[in-house]
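Here is a friendly walk through one protein model, from the overall layout down to single residues. Please keep the structure open as you read.

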Amino acid sequence: MDANCGCSYVKSTISDLLQNKVDMSKLVITKALSQKEYAAKQAHVELAKRMTKRDAGSAPALGDRVAYVMIKGAANSKGYERAEDPIFVLENNIPIDTKYYLDNQLANPLGRIFEPILGEKKANQLLTGEHTRSISVAAPSLGGLMKFTKRTQTCMGCKKPLSGKEEMAGAVCENCRPRIGELYTKSLTKVSDLEVRFGRLWTQCQRCQGSLHCEVICSSRDCPIFYMRMKAKKDVEDSQKELARFDFDAGAW
């Protein structure tokens with residue numbers, strides 16, 4: 001084993017995790033709902049109860065496997081309070097607790113692998129240091145302070161908040177208007193790339209269900225491709241909304 005290459009890979013993966021660059025399908029935890037009550041509260045059981053309150057028809061039943069991810073919560077919140085349905089997280093842009101995965105899912109296995117090779121001190125440095133200082137947190141679309149906030153459109157070039165009725169209806173600010181062709185092409189390319197990714201995942205699911213001519217009806221929450229496909233679908237929808245902003249920009253006509 002090349003220890004330096006191994007350390008570089010681990011640091012890169014941890015950096016991606018903390019910056020929300022790891023695909024959510026790799027963060028999903030699944031557990032069987034074998035009974036409704038346990039001596040101590042369990043994350044998957046409490047989540048199943050919350051899902052039943054939201055929509056009893058699609059909620060997990062006894063004997064099903066419950067998929068969940070850990071989301072950010074209050075400082076002293078319990079683990080079972082922070083377990084959430086991955087699709088609900090995706091639809092509402094809820095921030096995932098990446099620190100939980102680092103401390104509870106990666107720290108011990110990495111220690112067992114690298115301590116005999118590097119020693120305890122150097123192995124612990126894999127979990128700290130410069131690669132852990134850059135953190136990205138998604139802005140949720142509901143809950144907490146979000147109900148008191150008002151979303152403002154930003155320029156797709158320089159990212160400054162748009163002001164004025166004409167600017168807010170479009171895609172770019174007055175200063176970036178000369179670059180509107182470049183920015184439109186960039187957005188169009190992004191939409192095209194995301195549509196290709198979604199199309200490939202869709203075709204993969206069609207092959208899995210045995211037909212390339214029927215709509216995908218699979219909703220297996222144990223399958224990582226399911227979450228990749230749902231994420232790709234949302235990415236396409238979001239990027240198409242961004243592209244549509246150019247239709248109302250005064251500089252485009």
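## Overall layout

The protein has 8 helices and 3 strands (DSSP runs numbered from the N terminus, H or I of at least four residues for helices and E of at least two for strands). Along the sequence they follow the pattern α-β-α-β-β-α-α-α-α-α-α. This is a predicted model, in which local features need pLDDT of at least 70 and side-chain atom pairs count only at pLDDT 80 or more, while totals for chains, interfaces and linings use all residues. Residues are numbered from 1 along each chain as its sequence is written, and side-chain values use heavy atoms, with hydrogens and water left out.

Taken along the principal axes, the C-alpha atoms fill a box of roughly 65 × 50 × 45 Å. Of the 253 residues, 35% count as buried (under 20% relative accessible area, with exposed meaning over 50% and partly exposed in between, for a 1.4 Å probe and protein chains only). Contacts here mean heavy atoms within 4.5 Å. Among those between residues at least 6 apart in sequence, 63% join residues at least 24 apart.

## Helices α1 and α4

How do α1 and α4 pack, and at what angle? Helix α1 (residues 3-18) and helix α4 (residues 98-118) meet at about 175°, and their axes are 12 Å apart (axes are lines fitted to C-alpha atoms, for helices over the stretch in contact, and angles run from 0 to 180 degrees between N-to-C directions).

From α1, the contact includes Gly 6, Val 10 and Ile 14, and from α4 it includes Tyr 101, Leu 106 and Phe 114. By class, this contact has 13 nonpolar, 2 polar and no charged residues (Ala, Val, Leu, Ile, Met, Phe, Trp, Tyr, Cys and Pro count as nonpolar, Asp, Glu, Lys and Arg as charged, and the others, Gly among them, as polar).

## Aromatic rings

The structure holds 4 aromatic pairs (rings of Phe, Tyr and Trp, the last by its six-membered ring, with centres within 6.5 Å; planes under 30 degrees apart are stacked, over 60 edge-to-face and the rest tilted). One of them joins Tyr 100 and Tyr 101 edge-to-face, at 5.5 Å centre to centre and 90° between the planes. Tyr 100 counts as buried at 19% relative accessibility, and Tyr 101 counts as buried at 4%.

The rings of Phe 198 and Trp 202 have centres 5.8 Å apart and planes at 45°, so this pair is tilted. Both residues lie in helix α7 (residues 180-209), 4 residues apart, about one turn of the helix. Trp 202 is partly exposed, at 24% relative accessible area.

## A serine in α8

Ser 239 lies in helix α8 (residues 224-244) and is buried, with a relative accessible area of 3%. Not counting residues up to four places away in sequence, Ser 239 touches Lys 190, Val 191 and Leu 194. Ser 239 and Leu 188 are 51 residues apart in sequence and 8.7 Å apart in space, C-alpha to C-alpha.

## Two asparagines with positive phi

Most residues other than glycine have a negative phi. Asn 20, in the loop between α1 and β1 (29-32), has a positive phi near 60° and is partly exposed at 31% relative accessible area. Asn 93, in the loop between α3 (86-92) and α4, has a positive phi near 55° and is partly exposed at 33%.
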